[in-house]
Amino acid sequence: MRFIDGVRVDSMENYAARQSEPKKVAEIGCHAVFKQIFEHNLFHADPHPGNILLTRGNRLGFIDFGMVGRLESADIMIMTDLLRAVFQEDTKRVTDRLLLLTNATDLEDTTALEREISDYLAFEAQSIIAGGEVGKALEKIVDVLSHHDLRLPSRFSLLIKALSTIESTGHALDPELNVLPIMRPYVETVIRKRYTADELLNEAQEYAFRILRMVRELPLDAHVLMQMARHGKFRIQFTHLGLERLTAGIDRASDRVAFSVVTGSIVIGSSWLLSSNVPGTRTIALAGYIVAGIIGLGLVISIIRNRNF
């Protein structure tokens, strides 16, 4: 650690003495964070005014790296695709990239999510971005995800927090600051880099290595399966979906059959007692008829209430 001779970046009264201009410093601060994110993939996740010092000559010093974000190259690719799709109001691509970020590619029905994203892009996103608040626009997208019980991994939450915070800091220095023209070159550079000859060659080599590894492992996997089958350890497990209603229906039917048998037995027994002319059995027989009637009425009501099953 070492001492940095500086003041809080929002100490406007010190700018003249330190030969600095607030508007220039706001732009430099945004460049610094975007460079951390898109070039180094390691960024200060909480760049508020207390964590940025103004030294001299429009130079800045970042302190307090207690909250730092780290992204993989694939993360940057997805994020730049997402940003470009937001800028172009491409609902389908925005939805696809969000699902990649949330690892929810198996979501069966994306119609509701796409509809909400489309409405947001059409009525809110562009006005927010036009005001130079890209981070805020992404925060709103996160709110849309939460409506569908989807969550971003922590590293992307830190990224959005960093973008929103540096925008807020920049606007404190320059209320007219628009971060979009500052951010756009970084996004375009990442996208262009993906389609360079070297990058395409590296990607092709990676796919070739994966295919080669799969081909090499295939005989071993087949041998293991044959050994398991030979020793009786090879099992195939099926998961039956949607059988809960059928099972419940069978249970209800069996219960009704049981109650019907009991009711019939009570009626037969009561009739036998009534016809036996044994003293005292008439009262028991009538009680049996009453019980059988109550059970029968209950069965009828149950059948009517659950007739859809």
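Start with helix α5, which gives three residues to the lining of the second largest cavity, the most of any element. The model on screen is predicted, so local features need pLDDT of at least 70 and side-chain atom pairs count only at pLDDT 80 or more, while totals for chains, interfaces and linings use all residues. Select by numbers that run from 1 along each chain as its sequence is written, and expect side-chain values that use heavy atoms, with hydrogens and water left out.

**Stop 1: the second largest cavity.** Select Met79, Leu82, Leu98, Leu138, Ile141, Val142, Leu152 and Ile160, the residues that line this space. Helices (H or I, at least four residues) and strands (E, at least two) are DSSP runs numbered from the N terminus. The space comes to about 40 Å³. A cavity here is a set of points on a 1 Å grid over the protein atoms alone where a 1.4 Å probe fits but cannot get out, and lining residues have an atom within 4 Å of a point. Grid points are joined across faces, edges and corners, and the volume is the space filled by probe spheres set on them. By class, the lining has eight nonpolar, no polar and no charged residues. Ala, Val, Leu, Ile, Met, Phe, Trp, Tyr, Cys and Pro count as nonpolar, Asp, Glu, Lys and Arg as charged, and the others, Gly among them, as polar.

**Stop 2: the largest cavity.** The structure holds two cavities of 30 Å³ or more, and the largest has about 60 Å³ of space. Select its lining: Val9, Val25, Ala26, Gly29, Cys30, Ile52, Leu60, Ile166, Thr169, Gly170 and Leu173. At least two of the lining residues come from each of α1 (22-40) and α6 (154-173). Eight lining residues are nonpolar, three are polar and none is charged.

**Stop 3: the largest nonpolar core.** Color Phe34, Ile37, Phe38, Leu82, Leu83, Val94 and Met183, which touch the most other members of this 59-residue core. Elements that each supply at least two core residues include α1, β3 (52-54), α4 (111-130) and α7 (180-194). Helix α2 holds the largest share, eight residues. Such a core is a set of buried Ala, Val, Leu, Ile, Met, Phe, Trp, Tyr and Cys residues joined through side-chain atoms within 4.5 Å. Buried means under 20% relative accessible area, exposed over 50%, and partly exposed in between (1.4 Å probe, protein chains only).

Now center on Phe38. Leaving aside neighbours within four places in sequence, Phe38 is in contact (heavy atoms within 4.5 Å) with Ile76, Thr80, Leu83, Met183, Tyr186, Val187 and Val190.

**Stop 4: Gln36.** Gln36 is in helix α1 and is buried, with a relative accessible area of 13%. Beyond its neighbours within four places in sequence, its contacts are Asn41, Leu42, Phe43, His44 and Phe62.

**Stop 5: two loop residues.** Most residues other than glycine have a negative phi. Select Glu89, in the loop between α2 and α3, where phi is positive at about 55°. Glu89 is partly exposed, with a relative accessible area of 41%. Then go to Asp149, in the loop between α5 and α6; its phi is also positive, near 60°. Asp149 is exposed, at 66% relative accessible area.

**Stop 6: helix α10.** Finish on α10, where Thr281, Ala285, Gly288, Ala292 and Leu299 are buried. Their cover includes α9 (244-275).

Notes: 1 Å grid on protein atoms, 1.4 Å probe; cavity = no way out; pocket = protein on both sides within 12 Å on 5 of 7 lines; lining within 4 Å.
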